[in-house]
Structure formats: structure tokens, C-alpha cells
Amino acid sequence: MKLLTHNLLSSHVRGVGPRGFPLRLQATEVRINPVEFNPDFVARMIPKLHLVEVPKGPIEGYEHDEKFLRQMHHVLLEVDVLEGTLQCPESGRLFPISRGIPNMLLSDEETET
Amino acid sequence: MLKKLKSAERLFLLIKKQFPLNVSSVSKGKIFNEMQRLVNDDPESWLSAISIWKNLLELDAKEDKLSQRDANPLKRKVEENDIINPKKLKTKQMQELQESRECQLEKQTDEATVEQGDFLTNREKSQEAFQNDAVKAVAAPNQKDLTFRVSCRCSGSVAKTFTAQEVGRVIGIALMKQFGWKADLRNPNLEIFIHLNDIYSVVGIPVFRVPLASRAYIKTAGLRSTIAWAMASLAEIKAGAFVLDPMCGLGTILLEAAKEWPDVYYVGADVSDSQLLGACDNLKAAGLQDKIELLKVSVIELPLPSESVDIIISDIPFGKKFKLGKDIKNILQEMERVLRVGGTIVLLLSEDHHRRLQDCERGGIPWNSKGSHTDEPGIEKCLNPGEKTDLSDTVSSSAETSGQGDLDKMPPFGSLVPVDRYGVSLGRTGAFICRYRKSPSSAASRLAAVSRFQSSQGSCTALKAVVSGSR
């Protein structure tokens with residue numbers, strides 16, 4: 001699971017709503033994969049992110065800030081969590097990540113009506 | 001280059017196309033003669049088709065070597081071809097995706113790569129051009145050494161009188177006599193396809209040994225690659241989009257899409273471990289594991305914020321084979337929630353699913369009804385998408401008391417507006433590719449309708465204040 005994906009997931013446990021974001025990530029096995037840098041693609045992904053922390057420095061003009069884009073590229077696309085857990089910040093429910101795939105299936109009781 | 005034709009099942013060089021064989025009152029022997037004439041009347045057209053075929057194969061082999069080089073003129077021609085075919089598909093041939101396709105090829109090749117003239121399968125080619133090709137054919141392995149096999153398909157009235165084997169044999173013998181080729185049923189150089197039915201008699205040779213639909217980059221196919229590609233192209237994928245397949249299975253749709261539109265963020269989801277493992281394998285085999293992310297989630301509970309996805313493409317499992325736990329309505333509901341306004345959904349629906357959805361559309365039954373809170377989702381969207389606040393409860397309950405009769409006649413799909421649909425064949429069964437777009441307007445129009453009702457009740461001011469205050 002790439003960190004870009006982690007950023008786009010939110011908890012769907014019943015009653016949690018918008019408080020289910022962001023999921024707390026605990027990684028036990030991580031791999032760094034080199035991925036071809038595509039500044040356009042990274043620039044387009046950034047507005048989709050729900051940034052909890054604002055990066056230092058001005059955000060305007062980030063599309064042309066290659067250093068910033070490369071940093072984001074590395075963090076979002078090159079870090080792959082192979083094993084770990086995601087935790088709903090509100091309910092505490094844990095979702096395991098195994099072989100790079102997060103398992104977020106809920107049991108019947110946990111699902112929203 | 002030809003392999004860039006992604007929604008064609010197979011590609012043939014046409015040798016002959018003519019009126020259907022008349023089988024009604026004529027003796028069987030005479031009809032056999034007719035068939036032989038397909039071969040004997042015009043041997044040049046056969047030979048020229050074969051030389052074109054050889055040239056195409058050589059061209060293809062050379063292209064694989066030249067793929068690194070910048071061959072701009074070739075690329076331009078590829079685009080032409082690509083444009084022609086998708087258009088044909090959209091206008092009239094979506095239904096024929098399954099059938100073997102015969103294409104008349106007109107190509108111009110770049111002098112820098114291959115020195116050849118125009119290819120035309122048309123019989124009115126000039127003698128000169130024919131001589132050219134015939135000369136080149138000689139340069140290639142001698143045509144007399146060709147081994148061949150005849151594949152025959154008969155339907156309609158022809159099929160009532162002849163079996164495919166009989167026809168195949170007749171043609172085969174004629175070919176051996178005319179050209180001196182040898183028959184090889186196991187591993188021939190050349191395959192000859194004959195299709196006889198009530199509409200036409202067609203003879204052609206497949207350009208590639210393996211059907212176009214069989215992709216080099218897909219290890220294990222789930223959905224037909226041609227349909228998967230067609231769905232992806234209908235979805236209007238643009239660079240930087242977030243594309244989701246919430247029932248991805250082995251990931252065929254995402255693979256086809258990622259191959260063609262690479263600068264996009266793809267996510268596939270499935271509930272089945274075995275499918276996800278297969279998908280993972282497929283991604284690695286295709287080298288696309290960096291482009292496509294996988295999740296083990298259920299399509300009716302997507303762990304995604306509302307309105308966060310740009311495009312959803314999905315093959316809805318056909319009821320009999322897969323155990324579909326929930327209704328298709330619930331599935332569409334969740335898809336609608338995560339889709340952003342203006343986003344596109346492309347679905348492959350079985351005839352059953354499609355009929356069910358059509359009934360909803362016509363009957364005006366809101367498919368996203370949740371018992372008494374019929375238009376709650378719509379109003380929710382006006383206020384704050386994704387948040388269930390107390391305000392929305394108040395609003396919806398007051399809407400209920402004022403009478404829902406008229407509201408029920410609103411577009412029943414919530415904000416999903418059907419754009420178009422195409423009937424396709426999956427071989428034994430048929431299905432529909434349906435495209436929807438999420439419109440912003442229905443939220444506003446629902447609001448207007450509610451206000452209209454409220455005005456007669458006198459609680460209009462309260463409602464308007466609630467809505468305008470939250471904007």
C-alpha cells in the first residue's frame with residue numbers, strides 16, 4: 001500500500017463519519033520502490049490529498065517546485081507498506097495490511113445502515 | 001502497430017466478400033462448384049492477400065525491434081487507425097465485438113522503415129503494384145512451401161445443407177490444386193477463415209496467429225480484454241484522475257486502462273482473497289504494480305470519503321455465477337456516494353441487472369430509497385456531503401410531512417444521469433455497457449422542489465435559512 005492510498009482512505013465504521021480520517025498507520029514492513037518521477041502526475045495528486053500537516057513554505061506554485069514535487073513523489077509513491085495496520089482514530093478498530101493490501105472488510109455489526 | 005487496436009477481437013485480411021451462396025433450389029454439387037470458384041476464379045487476389053500478410057508480419061517483427069526509435073510517421077498512422085475503429089465501434093459495431101472482424105486495410109508505410117507501396121486489398125489494384133508485391137513475395141519464402149488450414153463457419157441456410165467440415169474440405173482441396181500448398185491441421189503457416197451465412201460469403205486470413213484480444217501483458221484474463229478496454233475508453237480517463245474499480249476481480253479493466261492511460265491513479269478493490277492474489281500476479285506480470293493499488297474492501301462499504309473518486313468502472317458480477325450478497329441498488333448507491341460531481345461511472349451489466357435498473361428508471365421508484373428517508377441523500381448533498389448533521393434530519397422530516405408524491409417522480413437515480421448504453425456480446429450471453437454521469441443539478445432541483453412544497457406550508461423561510469446558512 002502506497003502512502004498516497006493511505007491518505008485517501010477513511011474509516012467506514014458505523015457512526016464514525018468524518019472523524020474516521022486519517023487512519024493511523026503502523027507499518028511493520030516497508031519497502032522503498034523506485035518509481036519513475038512524473039511531475040505532472042504528482043502535481044495533480046496533491047490537491048486530492050487531505051493534508052493534515054501543511055508543508056513548510058508557501059503552497060502556491062507547488063506545481064513548479066521540482067524539489068517539493070520530488071519529495072512528495074518519494075513519500076507518496078515510492079514508500080510501500082507491505083505489512084502493518086491501519087487504525088480508525090475514532091473507534092479504534094484495527095485493519096490489517098498484508099502483502100501490501102489493506103483488509104478493510106467490516107463485519108455485519110460494524111457496517112453502517 | 002496493429003496490436004494497438006484494443007477493442008477488436010480478431011483482425012483479418014479480406015480476400016473475398018460476395019453475395020451469399022444460393023442454396024435453395026440448386027444441387028449440392030453445383031454449390032460445391034460455387035465454393036471452389038471462391039478459390040479458382042481469382043487466384044491473384046489470394047496471392048496478393050498472402051503477400052500483404054507476409055509483409056505485415058515482417059513489419060510487425062521489425063517494429064518490435066524499432067520500438068525504441070522515434071518513428072513519428074508510424075505513430076501518426078496508428079492514431080488514424082485507432083480513430084477509425086473506435087468510431088466504428090461506437091456507432092454500429094458494439095454488438096459485433098464478439099464476432100470475427102474483417103477489416104479492409106488501407107495503410108501507408110513510412111519509407112524510412114520499410115520500402116513498400118500502398119497496400120490495398122481491393123481487387124482493383126493496378127497491375128504494376130501487383131507485380132511489385134508479387135516480386136517481393138518471391139523474395140520471401142516460396143509460396144509453394146506454405147502449409148495451411150481452413151477454418152469454416154456456416155450459419156443460416158447454408159448450415160442446413162452443409163457442415164463446416166464439408167465446406168472446409170472442398171475449399172482445402174481447391175486450394176491445394178490451385179496453389180500447391182499443403183494442408184497441416186496442427187501447426188499451419190497460414191490459416192484461412194471462411195464465413196458463409198445468409199448475408200455474405202467471406203474469405204479472409206487472420207493477420208496474427210493469436211487473436212488481438214489475447215494480450216501479451218495480461219497473464220490471467222477475467223473479463224474479455226476487448227470489453228474491458230471499451231469500458232475504459234468510454235470512461236474518458238484523463239491524466240491525474242482517480243479511477244476506482246470496486247469489484248476488480250483479476251483486475252482486467254484496470255490493466256487495460258493503465259496500459260493505455262498511464263498517468264492516472266488506479267485503485268482496485270475486491271472481497272475475495274483469491275481474486276486479489278490473481279490481480280496482484282497480473283499486475284506484476286504486466287509491470288503495472290506501481291500504477292494500480294489493491295484493497296480488500298466491499299463495494300457497499302467503501303472506506304473512501306464522499307465525492308473523492310473521479311471515475312468508477314466496474315463489471316458487475318452476473319448473478320448466477322457469483323453470489324451477490326447485496327442488491328445492485330446498494331452497490332450503485334455507494335458508488336454514487338464516493339463519486340465526485342461530474343464524475344463518470346461505466347458499468348457492465350447483465351441483461352437481468354439492466355432490466356431491473358430500467359424498471360426503476362421507468363417506474364420512477366427512487367432506487368436509492370431508504371424506507372421513509374427517500375430524498376435524504378439528495379438533500380444531504382446540498383448541505384454537507386458526507387456529514388450526517390441534525391439539520392438534514394429536520395429538513396428531510398419536514399419534506400416528508402409536506403407530501404412526497406411529487407418528489408418521487410424526480411430522477412430516480414439520485415444524481416446519476418444515464419448518458420448512454422451499448423449492447424455487447426460476451427460470446428454466449430449478451431450484456432450492456434452503461435455509462436452514467438453524476439450531475440450537480442439534481443441536488444439543486446430537489447431543493448427547489450422541496451421549497452415549492454414548503455411555501456404552501458409556511459415553513460419555507462425556516463428551510464431556506466437552514467440551506468443558505470450552511471452554504
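# Two chains and their interface

Chain A contains three helices and four strands, where helices (H or I, at least four residues) and strands (E, at least two) are DSSP runs numbered from the N terminus. This is a predicted model in which local features need pLDDT of at least 70, side-chain atom pairs count only at pLDDT 80 or more, and totals for chains, interfaces and linings use all residues. Residues are numbered from 1 along each chain as its sequence is written, chains are lettered from A and ligands numbered from 1 in the order in which they are written, and side-chain values use heavy atoms, with hydrogens and water left out.

User: What pattern does chain A follow along the sequence?

Analyst: Read along the sequence, the pattern of chain A is α-β-α-α-β-β-β.

User: And how much of chain A counts as buried?

Analyst: Of its 113 residues, 43% are buried. Buried means under 20% relative accessible area, exposed means over 50%, and partly exposed lies in between (1.4 Å probe, protein chains only). Chain A exposes about 6,400 Å², and carbon and sulfur atoms supply 52% of that area. Accessible areas come from the Shrake-Rupley method with a 1.4 Å probe; for residues, only the protein chains shown count as cover.

User: Is His73(A) buried or exposed?

Analyst: His73(A) is buried, with a relative accessible area of 4%. This residue is found in helix H3 (residues 66-78) of chain A.

User: Which residues is it in contact with, leaving aside neighbours within four places in sequence?

Analyst: His73(A) is in contact with Val35(A), Glu36(A), Phe37(A), Val42(A) and Glu78(A), once those neighbours are left aside. Contact means heavy atoms within 4.5 Å.

User: Turning to chain B, how many helices and strands are there?

Analyst: Chain B has 15 helices and 15 strands. Of its 471 residues, 51% are buried. Among contacts in chain B with a separation of 6 or more, 77% are between residues 24 or more positions apart; the corresponding share in chain A is 66%.

User: Why is helix H7 of chain B described as largely enclosed?

Analyst: Nine of the 10 residues of H7(B) (residues 225-234) are buried, so the helix is largely enclosed by the rest of the structure. The buried residues include Trp229(B), Met231(B) and Leu234(B). Just after H7(B), Glu236(B) takes a positive phi of about 55°.

User: Now the interface. How many residues of each chain are in contact?

Analyst: On the chain B side there are 24 residues, in contact with 27 residues of chain A. The area buried between the two chains is about 2,200 Å², of which carbon and sulfur atoms give 62%. Buried area here is the accessible area (1.4 Å probe) that two parts lose on being put together, summed over both.

User: How many salt bridges are there between the chains?

Analyst: The count is two, a salt bridge being a side-chain nitrogen of Lys or Arg within 4 Å of a carboxyl oxygen of Asp or Glu. One salt bridge joins Asp310(B) to Lys48(A), with the closest N and O atoms 2.8 Å apart.

User: Which elements give two or more residues to the chain B side?

Analyst: They are helix H9 (273-286) and strand S11 (292-296) of chain B. S11(B) provides the largest share, four residues.
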